[in-house]
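Me: I have a model open and want to learn how to read it. Can we go feature by feature?

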Amino acid sequence: MSSYYLDLIVQGSLYALVLFSIVTWVLILVKGVQHYRVSKRDKQFTKQFWSASTLDAASALASDASPKSRLANVGFDVLHVSESGGGNDLEHSWDRQELLERHLRQQIQKEYQSLESGLAVLASIGSTAPFVGLFGTVFGIIHALGAIGKSGSASIDVVAGPIGEALIATGVGIAVAVPAVLAFNFYVRRLKVTAAELDNYATDFVNLAQKNGFRVARPVSKGASQTVRPAVAPQQGAFA
């Protein structure tokens with residue numbers, strides 16, 4: 001293989017690693033902003049929800065600004081449908097509690113999938129970047145050996161360039177992989193925490209709905225602010 005193609009392979013490996021690095025940092029920033037907004041909006045909605053005097057009053061607070069508010073929207077919509085009689089199809093053949101739990105579980109999965117987006121790319125980059133670097137290193141060494149064979153000398157002038165490129169490819173591969181792996185582990189942890197919070201909130205919602213007889217009055221103006229006294233503190237537990 002000619003030195004031109006060997007150089008092309010090494011350079012291609014470096015360019016691929018640069019692309020991986022750009023994608024990694026873009027995803028790190030995007031996921032960071034996403035989780036910050038989710039955490040901030042969930043805290044705001046949770047405070048408003050547990051300050052509502054009744055479940056009927058809380059139904060006017062639900063919006064689409066955060067995962068918990070969307071989860072509440074789904075729950076209230078199910079309770080409204082149950083209150084109005086629903087229909088005679090299979091979709092509404094469940095009893096009220098089962099129908100509520102089913103829709104809440106489905107919405108939690110949707111929120112989980114939304115927060116999970118991009119993590120597979122980080123995992124792939126973290127696992128493949130070192131091998132891409134090693135791939136460039138191998139061909140850099142082959143290039144160095146070819147240069148030695150052509151010149152008949154192993155002087156530093158002959159091997160410095162190809163060996164230097166080979167070592168750079170290895171170093172860049174590791175430098176790209178480390179942030180990707182660390183970011184993946186961090187966001188997986190954040191995802192588990194958020195999923196657990198949604199799980200607990202769904203459990204609390206079902207308990208409140210049960211105390212309310214699985215009936216909620218449809219609000220006249222959705223999104224209207226409520227100035228009410230604090231309600232019962234949320235219960236702890238896993239949502240099954």
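Reply: Start with a charged pair: the side chains of E111 and R70 meet in a salt bridge, 2.8 Å from N to O. Side chains of opposite charge can pair when their charged atoms come close. The cut-off here is a side-chain nitrogen of Lys or Arg within 4 Å of a carboxyl oxygen of Asp or Glu. This is a predicted model: local features need pLDDT of at least 70, side-chain atom pairs count only at pLDDT 80 or more, and totals for chains, interfaces and linings use all residues. Residues are numbered from 1 along each chain as its sequence is written, and side-chain values use heavy atoms, leaving out hydrogens and water.

Me: Which helices hold E111 and R70?

Reply: E111 sits in helix α4 and R70 in helix α3, so the bridge ties together parts that are 41 residues apart in sequence. Helices are DSSP runs (H or I, at least four residues), numbered from the N terminus. The structure holds 1 salt bridge.

Me: Is E111 buried or exposed?

Reply: Read the relative accessible area: under 20% is buried, over 50% exposed, and in between partly exposed (1.4 Å probe, protein chains only). E111 is buried at 5%. R70 is partly exposed at 26%.

Me: How many aromatic pairs are there?

Reply: A search of the whole structure finds 8. Rings of Phe, Tyr and Trp (its six-membered ring) pair if their centres lie within 6.5 Å; planes under 30 degrees apart are stacked, over 60 edge-to-face, the rest tilted. The F49 and W50 rings have centres 5.2 Å apart and planes at 85°, so they are edge-to-face. Both residues, F49 and W50, are buried.

Me: Which residues touch the most other members of the largest nonpolar core?

Reply: In soluble globular proteins, nonpolar side chains tend to be buried together. A nonpolar core is a set of buried Ala, Val, Leu, Ile, Met, Phe, Trp, Tyr and Cys residues joined through side-chain atoms within 4.5 Å. The largest has 26 residues, and F49, F76, L79, L100 and F205 touch the most other members. Helices α1, α2, α3, α4 and α6 each supply at least two of its residues. A second, separate core of 9 residues includes L27, I28, L115 and L191.

Me: What does H35 touch?

Reply: Contact means heavy atoms within 4.5 Å. H35 touches L115, Y187, R190 and L191, not counting residues up to four places away in sequence. H35 lies in helix α1 and is buried at 6%.
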